[in-house]
Amino acid sequence: MWTNSCEEKKMAEGEEADLSEKLSGLLEEIKSVMESRKTRIDELRSEIEQIEQQNSDLETTIADILSSFDDN
């Protein structure tokens, strides 16, 4: 009975270590995914700012063209 209890304890410790390793691996993977997403979000924000600036420039150009028609 003592041997069985020791074996069970060793198995439980082994399973615990295995689960700890899996959890650690999953946490690293989640961290990597979150960092990738943060980078992508920053890229998209930059892209949005660039598009907004282009829209603003385009609005100014259109307003200038329309005002030149009013002057004639």
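A residue is called buried under 20% relative accessible area, exposed over 50%, and partly exposed in between, with a 1.4 Å probe and protein chains only. By that scale D42 is partly exposed, because its relative accessible area is 36%.

The model is predicted, so local features need pLDDT of at least 70 and side-chain atom pairs count only at pLDDT 80 or more, while totals for chains, interfaces and linings use all residues. Residues are numbered from 1 along each chain as its sequence is written, and side-chain values use heavy atoms, with hydrogens and water left out.

**Fold and surface**

Helix α1 covers residues 2-71. Of the 72 residues of the protein, 0% count as buried. The protein exposes about 6,900 Å², and carbon and sulfur atoms supply 55% of that area. Accessible areas come from the Shrake-Rupley method with a 1.4 Å probe, and for residues only the protein chains shown count as cover.

**Salt bridges**

Side chains of opposite charge can pair when their charged atoms come close. A salt bridge here is a side-chain nitrogen of Lys or Arg within 4 Å of a carboxyl oxygen of Asp or Glu. The count by this rule is three.

| Pair | N to O distance |
|---|---|
| D18 and K22 | 3.7 Å |
| D42 and K38 | 3.3 Å |
| E43 and R40 | 3.3 Å |

D18 and K22 lie about one helical turn apart, because four residues separate them in helix α1. D42 and K38 are also four residues apart in helix α1, which again means about one helical turn. For E43 and R40 the spacing in helix α1 is three residues, and this too is about one helical turn.

As for accessibility, D18 is partly exposed at 36%. K38, the partner of D42, is exposed, with a relative accessible area of 52%. In the remaining pair, E43 is partly exposed at 43%, and R40 is partly exposed at 41%.

**Nonpolar patch**

L58, I62, I65, L66 and F69 form a nonpolar patch on the surface, with about 500 Å² of accessible area together. Patches are made of residues with over 30% relative accessible area and no salt bridge; like charges are joined within 9 Å, and nonpolar side chains (Val, Leu, Ile, Met, Phe, Trp, Tyr) within 5 Å. I62 is found in helix α1 and counts as partly exposed, because its relative accessibility is 41%.

Definitions and conventions: Helix = DSSP H or I, 4+ residues; strand = E, 2+ residues; numbered from the N terminus.
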